[in-house]
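Please keep the viewer open while reading.

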Amino acid sequence: MKKNKVFRNLSIDYRLIFADDTNLTDYKNYYAALVNFINKNRPFFTPPIMEKWGLDVLVAIDPNEYVVEKPDLSLDFEKIRLGGDYKNIDSLAMSIRETLWDLVTIYSGKDCPITPNDELRYIKIRKDDNSEQFLLECAGCGRAEDIYGNEYVGGVGKMWPVNRVDMNRYLK
Ligand SMILES: [Zn+2]
């Protein structure tokens, strides 16, 4: 009971992001506002939650280096789109994760071979030994392939967005 009330307060706090227009003046501000919200509420966004939804990576990157010029979302519609209720910290964390990814995703222009309605996006997999693999990934079905179209079977790691520097490095 008490836990529900505390979470409800967090949901209200989350909605305040959208009540403050300065957070929605541009995409980088919006990204920073969401990261700020997470960092202010770390008792909810525990390390396991951060890791489960990849938020540990997303709060660590610099919006100036990663937020794309024309993300696939409209700042005008964010208020309406995200005004709903969240059942628990997982559903809120998942929603924020999707928004942050929308803001940093560079698409490849190539359709997924498994789910053709999805466009593959560029990502990096960073493994525990700090090695990186540059891949095309489908947010719909999770298929990942290398730049030659071969399915990725190289093992797991943390998923990172890529930025223009990575693109120049890997797609030369
Ligand atoms: Zn797919």
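This is a predicted model: local features need pLDDT of at least 70, side-chain atom pairs count only at pLDDT 80 or more; totals for chains, interfaces and linings use all residues.

## An exposed loop residue

N130 is exposed, with 7 other C-beta atoms within 10 Å. Residues are numbered from 1 along each chain as its sequence is written.

N130 sits in the loop between β2 (119-126) and β3 (132-137). Helices (H or I, at least four residues) and strands (E, at least two) are DSSP runs, numbered from the N terminus. The phi angle of N130 is near 75 degrees, a positive value in a residue other than glycine.

D128 belongs to the loop between β2 and β3. D128 is exposed, with 9 other C-beta atoms within 10 Å. From D128 to V156 the C-alpha distance is 9.1 Å, across 28 residues of sequence.

## Two domains

The protein chain is assigned domain 1 (2-104) and domain 2 (107-170). Such bounds come from an automatic or database domain assignment. The C-alpha centres of domain 1 and domain 2 are 23 Å apart. Seven residues from domain 1 and five residues from domain 2 make the contact. Two residues are in contact if their C-beta atoms, placed from the backbone, lie within 7 Å.

On the side of domain 1 that touches domain 2, α5 (63-66) and α7 (89-104) are the elements that give two or more residues. The residues on that side of domain 1 divide into five nonpolar, one polar and one charged. In this count, Ala, Val, Leu, Ile, Met, Phe, Trp, Tyr, Cys and Pro are nonpolar, Asp, Glu, Lys and Arg are charged, and the others, Gly among them, are polar.

The expected span of a helix is 1.5 Å times one less than its number of residues.

| Helix | Number of residues | Span, first to last C-alpha | Expected span |
|---|---|---|---|
| α2 (27-40) | 14 residues | 20 Å | 20 Å |
| α7 | 16 residues | 23 Å | 22 Å |

In α7, the buried residues are L92, A93, I96, L100, L103 and V104. They cover an arc of only 100 degrees around the axis, so they lie on the same side of α7. The arc is that of the directions from the helix axis to the C-beta atoms.

Which residues of α2 are buried? They are Y30, Y31, L34 and I38. Down the axis of α2, the buried residues fall within an arc of 100 degrees, so they line one face of the helix. Exposed N39 and K40 are on the face of α2 turned away from its buried side. An α-helix has 3.6 residues a turn, so residues three or four places apart point the same way.

## The cores

The largest nonpolar core has 16 residues, and Y31, L34, L55, A93, I96, L100 and L103 touch the most other members. A nonpolar core is a set of buried Ala, Val, Leu, Ile, Met, Phe, Trp, Tyr and Cys residues joined through C-beta atoms within 7 Å. Helices α2, α4 and α7 are the elements that give two or more residues to this core. The most come from α7, with six residues. Another core lies apart from it, with nine residues, among them L120, I123, C138 and W160.

Beyond its neighbours within four places in sequence, A93 is in contact with F45, I49, W53 and L55.

## Links along the chain

V57 is in helix α4 (residues 55-58). V57 counts as partly exposed, with 18 C-beta neighbours inside 10 Å. Leaving aside neighbours within four places in sequence, V57 is in contact with K158 and W160. V57 and W160 are 103 residues apart along the chain, yet their C-alpha atoms are separated by 6.6 Å.

F7 is part of helix α1 (residues 2-19). With 16 C-beta neighbours inside 10 Å, F7 is partly exposed. Leaving aside neighbours within four places in sequence, F7 is in contact with N88 and I89.

D76 lies in helix α6 (residues 75-81). D76 is exposed, with 9 C-beta neighbours inside 10 Å. Its C-alpha atom is separated by 10.0 Å from that of F18, 58 residues apart along the chain.

Conventions
A residue is buried if 20 or more other C-beta atoms lie within 10 Å of its own, exposed if 12 or fewer, and partly exposed in between; C-beta atoms are placed from the backbone.
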